[in-house]
Amino acid sequence: MKEYYNAFNEGKITRQAIIGLGENSIRKNYYPELQEKLLDLEHINIRNKALMAAIQDIMLVSDSDSHISPFAVSNKKDDPLTLEILRNNEIVRRLQEAIYQVVQKREMVTCDFRLKYQGRDYYFESRIHISEINEILILVRDMTERTLMEMQLREMAERESLTKLYKRHCLINKLAEFHGKSFEKLTMLLFDIDGLKIINGTFGHLKGDEVIVSVAWIIHDHFRLIGYIARIGGDEFCVIVEGLSSQEIEQQLKQMNKMLHKYNEQTDALKISLSSGYSFHRTGIVNTEWMFQEANNNMYQNKLLKESSNHLVKTLMRGLEAKDYITEGHAERMGELATQMGVALRLPQSKLDRIRLLTKFHDIGKVGIPDRILCKPSKLNEEEWKVMKTHCGIGERIAAESSELKSIAHLILKHHERWDGKGYPLGLKAGEIPIECRILSIVDTFDAMTNDRPYREALSEAEAIKEIVSCSRTQFDPNLVLLFKEIIEKSS
């Protein structure tokens, strides 16, 4: 052993000195084998250093108490991203939670995280292993390029190239999340571009696409923070909103319409007109199919009221005018008064639309009444009166066959019901009568009394109001009579 100590004393550290072999050592016979093992270890060390240099992952190390630091031999230990990761408290916290799982389970755990650095988003995947000596190795791989590519492909699959809104199949998947489950305050809104086919046919599809993009921008700009927005057809859009009351939805629609009006005022391009309708689910189990149908019906009744799509309105109205039954301006005057009452009652837009449609079409069934009865100048006899009363049922059947009027078919049937239950054809009373019909009966009577007819001169507004008040609680809803009286007196 003398040579071993002499070697250290003389400051000469040789491989023989390291393994304790001298000329007289009894272990010298094992020297070739030990030297080979040592050379193998040196080769392994060199290979590991080369592997470390080749690995592009960020390498971190931690003890079982989650004290994380850069791996000493990693070529990225001083990399700015490495240091930024270790400075980010949220990322460190997530890694520490993963380390705790590794220590408990003693198996590999993965952890994904995002880092914003120098104005750019980086996406990382970390794999966390534990060694037999309880040292935790953390390999952090930069997945930014792959993640961005996946996001781009996902966007191409989910969003339209023209509007950048979700596609129809995405909306179907979204609705499936709600269908059959219990939710509170869920709203489905539908929007339709009025006259898009005419725009495409007249100005070309490029101009039509410009209109579609403008509408998509307006809807997205207004609902993007509160709703899920999809384009579900050439000219139709759908928005799903959670957590807002029906009154808040009405307010949102008013604000969006103001935005649309402002857009039309500021552009020299084609003016955009949108029809809308919605279905509001207050609480309980959701039926998305029913909600879609209700929203669709409300949207189309809203569309029907616009001049750009009222061909059916004009056709049917001409049928009554040809019989010389409806006087000029009758429906318009009733619609205005009925709408004022509906607004005062804070009725939703869907009911306001139904009221306006009802003022136009409540007597449409009279197109099926013989002229000898409809135009008879004298009082009808009992048999003739029975025939006349059938116009409610005839009107309901006509409306039920029309997709545009289907939503008011039941109102047409009930528009001659009375507050005291003595109306026809069903004998409904008080609150059993739809609010739209109760409003209509008042404004119809008032307009009829205050305008000249072939068989009598018009009454004054004061006389007409006095007559209506006298029929409160019998023919008319007393609360609505008071409201109507207030509206007329304010406007006088």
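Which residues lie nearest the centre of the second largest pocket? I started my notebook there and found Glu-250, Tyr-278, Leu-347, Pro-348 and Gln-349, from a lining of 25 residues.

**Ground rules.** I am working with a predicted model, where local features need pLDDT of at least 70, side-chain atom pairs count only at pLDDT 80 or more, and totals for chains, interfaces and linings use all residues. Residues are numbered from 1 along each chain as its sequence is written, and side-chain values use heavy atoms, with hydrogens and water left out.

**Pocket.** I noted about 600 Å³ of space in the second largest pocket. A pocket here is an open set of points on a 1 Å grid over the protein atoms alone, where a 1.4 Å probe fits, with protein on both sides within 12 Å along at least five of seven lines; lining residues have an atom within 4 Å of a point. The volume is the space filled by probe spheres set on the points, which are joined across faces, edges and corners. Helix H10 (246-266), strand S9 (274-281), helix H11 (288-304), H13 and H14 each give the lining at least two residues. Helices (H or I, at least four residues) and strands (E, at least two) are DSSP runs, numbered from the N terminus.

**Backbone.** I looked up Arg-346 next, in the loop between helix H13 (330-344) and helix H14 (349-361). Arg-346 has a positive phi of about 60° although it is not a glycine, and its 78% relative accessibility makes it exposed. For accessibility, buried is under 20% relative accessible area, exposed over 50%, and partly exposed in between (1.4 Å probe, protein chains only). I then found a cis peptide bond between Tyr-424 and Pro-425, with omega about 5°. Lys-389 lies over the face of that Tyr-424, 5.5 Å from the ring centre (NZ of Lys or CZ of Arg must be within 6 Å of the centre and within 35 degrees of the ring normal).

**Rings.** My search of the whole structure gave eight aromatic pairs. Among them, Phe-446 and Phe-484 have ring centres 5.1 Å apart and planes at 75°, so they are edge-to-face. Phe-446 is in helix H19 and Phe-484 in helix H21 (residues 478-491), so this pair ties together parts 38 residues apart in sequence. Rings of Phe, Tyr and Trp (its six-membered ring) pair with centres within 6.5 Å; planes under 30 degrees apart are stacked, over 60 edge-to-face, the rest tilted. Both Phe-446 and Phe-484 are buried.
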